[in-house]
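Me: I have a structure open and a few questions. Can you walk me through it?
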Amino acid sequence: MTTTVERPDARVPVADRAFGVTFSGLGRAFASRHEASRPVLRDITIDVEPGEILAILGASGCGKSTLLRIAGGLDRPTSGSVAIAGTAVEAYDTRCAVGFQAPRLLPWRTVQGNVTLGLPPGTPKADGKASVTRLLELVGLADFADHRPREISGGMAQRTSLARALARNPGVLLLDEPFGALDALTRLRMQDLLLDVHAAAPTTVLLVTHDVDEALQLADRIILLGLDGDVPGADIRQTVVVPGTRPRDRGSARLAELRARLLDGLGIDRHSADGRSEPDLAGPDLSDPTPNTTSKGTP
Amino acid sequence: MTRHDTIDPATVAPSDRGDVAAPAGNGRSRAPAVRLPALRALAAADAPVPPPAGPGSGSRIADQTWLRVLGGAVVPLGLLVAWQIISTSGMVPTSRLPSPEMVWNAAVDLAGRGLLSEYVAISTQRVLTGFAFGAGIGLALGAIVGLSRLGDILLAPTLGAIRAVPSLAWVPLLILWFKIGEESKIILISIGAFFPVYTVVSGALRHVDRELIEASRAFGLHGMSLFTTVQLPAVIPSVISGLRLALAQAWLFLVAAELIAASAGLGFLLSDSGNNGRIDRVFLAIILLALLGKLTDSILGLFERWAIRRWA
Ligand SMILES: Nc1ncnc2c1ncn2[C@@H]1O[C@H](COP(=O)(O)OP(=O)(O)O)[C@@H](O)[C@H]1O
Ligand SMILES: [Mg+2]
């Protein structure tokens, strides 16, 4: 079966508040004990359109979180640049909201108080209240609004963290494995929730995940980060435009084909792995580039 | 951070619930419905850790308070009884161990001459004044060193060196500078109260969870709002244990100061009675110090409860 290269053109109209994100030749190296500096990311160039959902796939430790942190102004690139809506990202850029990999809730605040922290500054009290209440309903935590983080499960804490990021109603939503701690059923529900919220207010979303199915279900485009042979530092190995409109049929044959290709790119034997377990950092096998993916690297 | 930050879900109109829209409600009608009842059921299934104190536990807490008060009185009463038995048996001469009655009489005698209340008042006043100065400066410098890198670099080594001086070593200097007046005693007590607060506060502020601070910054908090939302609640419990330590130190230094040079106060009562062989008064002074120390510490304990409920 052949898949199309076109962007899905039935996307919902873009809200004024959705911003494009431009990575230009971005690299990040960390000082290390052994070498002067160890490159983690190199030469990341991609234009994320306003309102687009971009999934960032890659093996554990390949720099997905680092890329997201740089986009949000929590870290700085050592080379290249990143811009939001054409202007350089500032420290703790206020145009972004971050859903961190660990929930990072304030232990002395209730679930509700933590979500309130996400509201945009200057939100009128009544509006903020209504918005927080609605978000807690959406993530299924209305009955736990007055609980402290230590009184709820890890999955509930992660949903609280997601609600906090959504509360900001940001121009760019940065989500770092937001569904990682959830059980399978809750994960599917929360994915639907994200799509619902996005459909209602189409913000730009950068979604880090190591779950290929999640990426295929949610994203307009998927980038696969990985190493090129022995060259240190991950770059974009594959860019995949996901065909069809959301919500997508999770069992579709076209997606199955893409899924297989992405799993190959992650260096996983698709017959033995389910794509949800975190693969080791390994050079991807890209010996069979296909029309619907743009790949670079080992010929 | 005010009480208004917390929202009572009961005050939200029922029509608002189940209304599925964008977080800030930008009024688009395309919002698909989310199956809320299913989600709520899900939340219930996602078993949470039960809260440590559920509703209706108020009376149990009150019971515990009484239990603590009564339980805490058992050993002192036992000691009093044992003391009485030993002194009536004549095993130990009264020049070594006065009877409870003798100590009581000493108290009545001193109270009758107005000295008891004077000594208690002057000692308590010295402790509280010295504690207030020492703890206040300790909080301020602890905050500067704990929050600011520059403050840490400039001040921490010097304060560390001053802390290394055994505090009683200041006594001769203080007497030379301020004679035997109130200042020398207050300053010595302040020094005693300063270091526990400074050390605990600067250390606690330095070790506030960096990830929490980063997340809060990412949501736009900085400066004062970051301090009151994250750093202050995070360090409140350590700050209060620092204050309690400081208060104990303040009583310690009070006695040191009054033993060395004073004409009134519990430390003076101790040294004067010791020199005159009035062991009944020595016992009285020690018992009063125990009672006053415990009383002031309990007041701080009440403050701790309030502060933790308010901030942390
Ligand atoms: N602050 C840091 N200092 C040094 N090394 C770091 C730092 N942050 C991340 N790294 C390194 O960068 C690499 C990528 O990390 P990360 O972006 O968290 O990976 P991922 O999110 O893809 O699992 C890891 O090898 C990690 O050790
Ligand atoms: Mg990560």
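Reply: Start with one term: a contact means heavy atoms within 4.5 Å. Among contacts in chain B between residues at least 6 apart in sequence, 70% join residues at least 24 apart.

Me: Before we go on, what kind of model is this?
Reply: This is a predicted model, where local features need pLDDT of at least 70, side-chain atom pairs count only at pLDDT 80 or more, and totals for chains, interfaces and linings use all residues. Residues are numbered from 1 along each chain as its sequence is written, chains are lettered from A and ligands numbered from 1 in the order in which they are written, and side-chain values use heavy atoms, with hydrogens and water left out.

Me: OK. How many helices and strands does chain B have?
Reply: Chain B has eleven helices and zero strands. Its pattern along the sequence is α-α-α-α-α-α-α-α-α-α-α. Helices (H or I, at least four residues) and strands (E, at least two) are DSSP runs, numbered from the N terminus.

Me: How much of chain B is buried?
Reply: Buried residues make up 38% of its 312 residues. Buried means under 20% relative accessible area, exposed means over 50%, and partly exposed is in between (1.4 Å probe, protein chains only).

Me: And the accessible surface of chain B?
Reply: That comes to about 17,400 Å², and 67% of it belongs to carbon and sulfur atoms. Accessible areas come from the Shrake-Rupley method with a 1.4 Å probe; for residues, only the protein chains shown count as cover.

Me: Which residues touch the most other members in the largest nonpolar core?
Reply: They are B:Phe131, B:Val230, B:Leu243, B:Trp251, B:Leu266 and B:Leu284, in a core of 56 residues. A nonpolar core is a set of buried Ala, Val, Leu, Ile, Met, Phe, Trp, Tyr and Cys residues joined through side-chain atoms within 4.5 Å.

Me: Which element gives the most to this core?
Reply: H9(B) does, with 17 residues. A second, separate core has 50 residues, including A:Leu136, A:Leu194, A:Ala219 and A:Val240.

Me: Why would such residues gather?
Reply: In soluble globular proteins, nonpolar side chains tend to be buried together.

Me: Back to B:Leu284. What does B:Leu284 touch?
Reply: B:Leu284 touches B:Val103, B:Ala106, B:Ala107, B:Leu110 and B:Leu116, not counting residues up to four places away in sequence.

Me: Is B:Asn105 buried, exposed or partly exposed?
Reply: B:Asn105 is partly exposed, with a relative accessible area of 42%. Its place is in helix H3 of chain B. B:Asn105 and B:Gly142 are 37 residues apart in sequence and 47 Å apart in space, C-alpha to C-alpha.

Me: New topic. Which residues are around ligand 1?
Reply: Among them are A:Phe30, A:Arg38, A:Val40, A:Gly61, A:Cys62 and A:Lys64. A residue is near a molecule or strand if one of its heavy atoms lies within 4 Å of it. The shell divides into four nonpolar, five polar and two charged residues. Here Ala, Val, Leu, Ile, Met, Phe, Trp, Tyr, Cys and Pro count as nonpolar, Asp, Glu, Lys and Arg as charged, and the others, Gly among them, as polar.

Me: How far are polar atoms of A:Arg38 and A:Gly61 from ligand 1?
Reply: A polar side-chain atom of A:Arg38 lies 3.3 Å from an oxygen atom of ligand 1. For A:Gly61, a polar backbone atom is 2.7 Å from a ligand oxygen. Taken alone, ligand 1 exposes 560 Å², and the protein buries 60% of that.

Me: Which element gives the most to that shell?
Reply: H1(A) does, with three residues. H1(A) is mostly covered, as six of its eight residues are buried. Just after H1(A), A:Gly73 takes a positive phi of about 75 degrees.

Me: Where does A:Asp211 lie?
Reply: A:Asp211 lies in the loop between strand S8 (204–208) and helix H6 (212–218) of chain A. At 3% relative accessibility, A:Asp211 counts as buried.

Me: What does its side chain reach?
Reply: A polar contact of 3.4 Å joins the side chains of A:Asp211 and A:Arg187. The side chain of A:Asp211 also reaches the backbone nitrogen of A:Asp213 at 2.9 Å. A polar contact is a pair of N or O atoms within 3.5 Å; within protein, one must be able to donate a hydrogen and the other to accept it, and residues adjacent in sequence count only if both atoms are side-chain atoms.
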